[in-house]
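Today I opened my notebook to look at how parts of a protein pack together. Come and read along with me.

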Amino acid sequence: MQTEVVFAGFGGQGVMLAGMVLAETGMNLDKEVVWLPSYGPEMRGGTANCTVIIADEPIASPIILHPRDAAVMNRPSLEKFCPSLRPGGFAVVNKSLIPVDPEREDITVVNVEANKIAIEAGSGKAANMVMLGAYVGATEVVPFDALVETAKKVLQKKPKLVPVNMKCLDQGYGIGQAARA
Amino acid sequence: MAKVLMKGNEAIAEAAVRAGGLCYFCYPITPQSEVAEYLSRRMPEVGGTFLQGESEVAVSNMLYGAAGAGVRAWSTSSSPGISLMMEALSYIAASELPTVVVNIVRTGPGLGGILPSQGDYLQAVKGGGHGDYRCLVYAPSSVQEAVELMPLAFDRADRYRNPVIVLGDGMIGQMMEPVEFREHEFPPLPPKDWATDGCKGRKPNIVNSLYLDPVKEEELNQRLAAKYERMKQNEVMYEEYMTDRPYEVLLVAYGTTARVCKTAIKKLAEDRIGAALLRPITLFPFPSARLYELAKPVKFLMSVEMSCGQMVEDVELGVRCEKPVYFYGRQGGLVPTPEEVVDQVKKRLGKGA
């Protein structure tokens, strides 16, 4: 079993961190994981994405042309990645910033107002955690409690940020779960 | 110790520190600058030396000096920076000094781009600098393997008194994977009684690569040649994939592209096409003897690379030109996909794509 997901958005939206938390959760569960960033002459405001692969077997190619899933935080990312997803995959779409829908009938779309939820929870910067929570809620690729535990560990150097991030993960998770039903 | 999720560049840095590579010189260049970033924090913690030189030329000559003084000195860079180091690397080889240089290869020629490439194969494997010398070359294919190869690289550099190159690519440097740092045990090394580390109470040691006497120079050349022969006898490393069942195609690939080939082989198996992989871990010495054995049942071999086919000639030599050797590769920072490799194999088998 191998799951691939692309987290994509503007630089600064925290897609790299969201992917890292997911990858680290997989590692803590003794899964095989790869976190692969897009890298280039990029900066805040530019596009950024990372691919996370979680598998039971050793991961051969880290380069995935057609990932199963995507979590897209802005419109260019939706346009870039949603057409290439495999049938049966999941697309978590940040409806706060993306006015359009993926034109796909063969994937599960999870709409989430990530920025709105994050702002209401106390920090717009935690929109990435809403996305991550929604992704895990929809796919159950890792158990939610393992995700929460890893996120707390990653954030332990900034304890003030923990409550808002946990709230965001939790709310996202609920939306993902609802989409799954 | 437990696994940690680390970027290849950072893992290489930590592995080197644990292997006693406590003297690190560098000049930043994408896609390997995280090594320097990491060590700028880490070296002060372990009492090591972190020094950013004014250029790669300076850095490589610092390596020459520090290695001559008998310390475990090493550096990392990427393709254009490595080219600047080639003069000193030739001097280091001629002076029979140990050093480790990690090349996280980017595209070229020239300044190129910052995306992954395997275009420095020939430079690493066939010499690179001037004169009659070779480097031992390791090519990791995962972050964990990079971590395993660093202590080996330092040990072999000391044992052979020769530069060792660890040839990664942008993907290996930038990718995060779980790693575990294990203890490595090596047999004791001979004392560095050649080092210029203070000559109070003994005769001075001299580190030199100038030989105006042709007889003495020839002695050095032959001593080096014998050393490279010993490497060929003792240091060949490779991984085989799916060679324990029938196959009609042998892929040869190293580093990141070897992983792409593994996925391609799985996909080919779904179509009942038997393919196997030989992944050289040492690029010099090349696993020629094993390649020859593994090629016996196949219709053809295919070298898969992120270059225009730099490894093809070594594959052809390995199979003694007895079987066709095809090439598939991408350049410019593009990575071959498993789907492309599958198509290429099918095309060569006449099975269409």
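Which residues of α1(A) meet which residues of α5(A)? I found that A:Val21, A:Glu24, A:Thr25 and A:Asn28 in α1(A) meet A:Ala146, A:Leu147, A:Thr150, A:Ala151 and A:Val154 in α5(A). Two residues are in contact if their C-beta atoms, placed from the backbone, lie within 7 Å.

I noted that this is a predicted model, where local features need pLDDT of at least 70, side-chain atom pairs count only at pLDDT 80 or more, and totals for chains, interfaces and linings use all residues. Residues are numbered from 1 along each chain as its sequence is written, while chains are lettered from A and ligands numbered from 1 in the order in which they are written.

**Entry: two helices of chain A.** I sorted the contact of α1(A) with α5(A) by class and got 5 nonpolar, 3 polar and 1 charged residues. Here Ala, Val, Leu, Ile, Met, Phe, Trp, Tyr, Cys and Pro count as nonpolar, Asp, Glu, Lys and Arg as charged, and the others, Gly among them, as polar.

**Entry: two domains of chain B.** I looked up the domain assignment, and chain B has domain 1 (4-186 + 209-234) and domain 2 (239-348). Such bounds come from an automatic or database domain assignment. The C-alpha centres of domain 1 of chain B and domain 2 of chain B are 26 Å apart. To their contact, domain 1 of chain B gives 26 residues and domain 2 of chain B gives 21 residues.

Notes:
Helix = DSSP H or I, 4+ residues; strand = E, 2+ residues; numbered from the N terminus.
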